Amino acid sequence: MNEIKENILFLKEKVLKACVKANRSPEEVRILLATKTVSLDRIAMALENDMNIVGENKVQEFLSKYEGFISLPHPPEMHFIGHLQTNKVKDICNKIDLLHSLDRVSLLKELDKRLQKKLNVLVQVNTSNEASKYGLHPDEVLSFMKEALTYKSIEIKGFMTLAELANDKEVSRRCFSKLRSIKEKAENSFGLKFPELSMGMSSDFEVAIEEGATMIRVGTSVFGQRQYPDSYYWPS
Ligand SMILES: *Cc1c(COP(=O)(O)O)cnc(C)c1O
């Protein structure tokens, strides 16, 4: 059995355990493969093992893999999970299935200008209070959404966050539970459903599942350590 297949089986077992612990059905939790720095053939190997969502962080890297993704026998859902610069919106907005990082009005406007069909999006929230993280401050979310909901070109499906990177699971838990409470507040305020909670990575997906994640984003637990530090992908 190859290593990727083995990792996926192990991951699924852990997801199942977390679901059982949280009294949830594993069907409620989808697994997104965070595929930054991973070559197409290794991604294809994961997709052959019952995975079907890929997420890229950088526009250039997404574009370099795009033709490969759509040529696969079963093309994956393609998500964008990184910070999206306004001037790069036009390069990807009509190619992706879900944007996880809607976090400002200027991005909203540019998307509206460039989209040729409705795009599903998640509102990214900075739940950790770290200045280095992208995403809306929790207090700004409702007023941002009030504006975003007027744009017919986008469909808000839910929320995304990156938890504080800490070894303490309870610190991550606070971030995830904050995101869930923001979701509930938004649903009550607008009388709409925003079902998706994209939260949890290799190091903290179990607590994310306990706090209601509907999509976890995992890279290293499937593909192994990356050769670039995360600071290359995230602001520091
Ligand atoms: C890389 C990345 C992940 C996955 O991180 P791992 O620790 O490799 O599981 C999740 N979300 C985002 C936004 C990422 O950039």
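Author: A pocket is an open set of grid points with protein on both sides within 12 Å along at least five of seven lines. The model discussed here is predicted.

Reader: What volume does the second largest pocket have?

Author: A volume is the space filled by probe spheres set on the points. For the second largest pocket, that comes to about 250 Å³.

Reader: Which element gives the most to the lining of this second largest pocket?

Author: The lining includes Lys12, Val15 and Leu16, as well as Ile31 and Asp50. Helix H1 (3-21) and strand E1 (30-34) each supply at least two residues. The top contributor, with three residues, is H1.

Reader: How many residues in the lining of the second largest pocket are nonpolar?

Author: Pro26, Val29 and Met51 are among the lining residues, and so are Glu27, Arg30 and Asn52. By class, four are charged and one is polar. The nonpolar count is six.

Reader: How do H6 and H7 lie to each other: parallel, perpendicular or oblique?

Author: Helix H6 spans residues 141-148, and helix H7 spans 169-190. Their axes are 11 Å apart, and the packing angle is about 50°. That angle is why H6, relative to H7, is oblique.

Reader: Which hand does the crossing of H6 and H7 have, left or right?

Author: H6 makes the contact through Val141, Leu142, Met145 and Lys146. H7 answers with Ile182, Lys185, Ala186, Ser189 and Phe190. These residues divide into six nonpolar, one polar and two charged. The crossing itself is right-handed.

Conventions: Residues are numbered from 1 along each chain as its sequence is written. This is a predicted model: local features need pLDDT of at least 70, side-chain atom pairs count only at pLDDT 80 or more; totals for chains, interfaces and linings use all residues. Side-chain values use heavy atoms; hydrogens and water are left out. Axes are lines fitted to C-alpha atoms, for helices over the stretch in contact, and angles run from 0 to 180 degrees between N-to-C directions. Helices (H or I, at least four residues) and strands (E, at least two) are DSSP runs, numbered from the N terminus. Angles under 35 degrees count as roughly parallel, over 145 as roughly antiparallel, 65 to 115 as roughly perpendicular and the rest as oblique. A crossing is left-handed if the near helix is turned anticlockwise from the far one by less than a right angle, and right-handed if clockwise. Contact means heavy atoms within 4.5 Å. Ala, Val, Leu, Ile, Met, Phe, Trp, Tyr, Cys and Pro count as nonpolar, Asp, Glu, Lys and Arg as charged, and the others, Gly among them, as polar. On a 1 Å grid over the protein atoms alone, a cavity is a set of points where a 1.4 Å probe fits but cannot get out, and a pocket is an open set with protein on both sides within 12 Å along at least five of seven lines; lining residues have an atom within 4 Å of a point.
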